[in-house]
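Visitor: Hello! I would like to learn how to read a structure like this one, starting with its pockets. Could you show me?

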Amino acid sequence: MAFETNNDSGDCIKAAFEAQVRRTPEAPAVYCGEATLSYAQLNARANACAALLRARGLGRGSYVGLGFERSVDMLVALWGVVKAGAAYIPVDPAYPEARIAHMASAALWTALLAGPALLEKYQAAAGSAPILSLPATDGQFQHPDPVSNAGPDDPLYAIFTSGSTGQPKAATVFRSGFANLLQWYEATFS
């Protein structure tokens, strides 16, 4: 994937992913166990997720928790959040309920996307934020790539550290910083 920090939308992460989709739509984008998604399939499902989030008023300035086991759905949700212009917060299902509740109150996420088997687990710990499932995609309606309302100085994700005080603390990674890291990876490791 080629990352360019100069693009019209200002959201170089989203633009780079969509450029890769256009270059290699049928190439495998993700493998997880027996499941495989091509770039076109991943993009179509992520666009449906982004449309769901935007319909709920989530986008630039919003944080969305991601409560998934490692799966293709986790990547669909991640890219859906990025394409909606929001930032994601990974929430490991193995975390104790108290840690998830602390993350919810500290992060002030506005929604939590969760896998179907985990909806109940997050219900008690997620705070007042709605818990959403990925939209069903039957292939009949294709959502276009959303116009990005995020810029390079907007958050891409927040991740919780263990915290030196014993309380987990959020560290935010911004879109431009992540794009710079990916450019370095690409230049260094081809």
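Guide: Gladly! The largest pocket has a volume of about 360 Å³. Before we go on, please note that this is a predicted model, in which local features need pLDDT of at least 70, side-chain atom pairs count only at pLDDT 80 or more, and totals for chains, interfaces and linings use all residues. Residues are numbered from 1 along each chain as its sequence is written, and side-chain values use heavy atoms, with hydrogens and water left out.

Visitor: What is the idea behind finding empty space?

Guide: Rolling a probe the size of a water molecule over the atoms shows where empty space is left. On a 1 Å grid over the protein atoms alone, a pocket is an open set of points where a 1.4 Å probe fits, with protein on both sides within 12 Å along at least five of seven lines; lining residues have an atom within 4 Å of a point. Grid points are joined across faces, edges and corners, and the volume is the space filled by probe spheres set on the points.

Visitor: Which residues are the closest to the centre of the largest pocket?

Guide: Of the 16 residues lining the largest pocket, those closest to its centre are Arg 70, Met 74, Pro 90, Val 91 and Asp 92. H3, strand S4 (87-90) and S7 are the elements that give two or more residues to this lining. The largest share, three residues, comes from H3. These labels belong to DSSP runs numbered from the N terminus: helices (H or I, at least four residues) and strands (E, at least two).

Visitor: How many nonpolar, polar and charged residues are in the lining of the largest pocket?

Guide: The lining has 13 nonpolar, no polar and three charged residues. Here Ala, Val, Leu, Ile, Met, Phe, Trp, Tyr, Cys and Pro count as nonpolar, Asp, Glu, Lys and Arg as charged, and the others, Gly among them, as polar.

Visitor: Now for charges. How many salt bridges does the structure hold?

Guide: First, the general idea. Side chains of opposite charge can pair when their charged atoms come close. A salt bridge is a side-chain nitrogen of Lys or Arg within 4 Å of a carboxyl oxygen of Asp or Glu. This structure holds five salt bridges. In one of them, the side chains of Glu 18 and Lys 14 meet, 2.8 Å from N to O. Both residues lie in helix H1 (residues 12-23), four residues apart, about one turn of the helix.

Visitor: Are Glu 18 and Lys 14 buried or exposed?

Guide: Buried means under 20% relative accessible area, exposed over 50%, and partly exposed in between (1.4 Å probe, protein chains only). Glu 18 has 8% relative accessibility, so Glu 18 counts as buried. Lys 14, at 6%, counts as buried too.

Visitor: Which salt bridge links distant parts of the chain?

Guide: Lys 83 forms a salt bridge with Asp 145, with the closest N and O atoms 3.1 Å apart. This pair links distant parts of the chain: Lys 83 is in helix H3, while Asp 145 is in the loop between strand S6 (131-132) and strand S7 (155-161), 62 residues apart. Lys 83 is buried because its relative accessibility is 0%, whereas Asp 145, at 33%, counts as partly exposed. Lys 14, Glu 18, Lys 83 and Asp 145 are linked in a network of salt bridges.

Visitor: And what surrounds helix H1?

Guide: H1 is mostly covered, with nine of its 12 residues buried. Among them are Cys 12, Ile 13 and Phe 17. The buried residues of H1 pack against H2, H3, S7 and helix H6 (175-189).

Visitor: Which residues does Asn 47 touch?

Guide: Contact means heavy atoms within 4.5 Å. Not counting residues up to four places away in sequence, Asn 47 touches Lys 83, His 143, Pro 144, Asp 145 and Pro 146. Asn 47 lies in helix H2 and is buried, with a relative accessible area of 3%.

Visitor: How is distance along the chain compared with distance in space?

Guide: Let us take two pairs. Asn 47 and Glu 120 are 73 residues apart in sequence and 25 Å apart in space, C-alpha to C-alpha. Ala 44 and Pro 144 are 100 residues apart along the chain, and their C-alpha atoms are separated by 8.0 Å.
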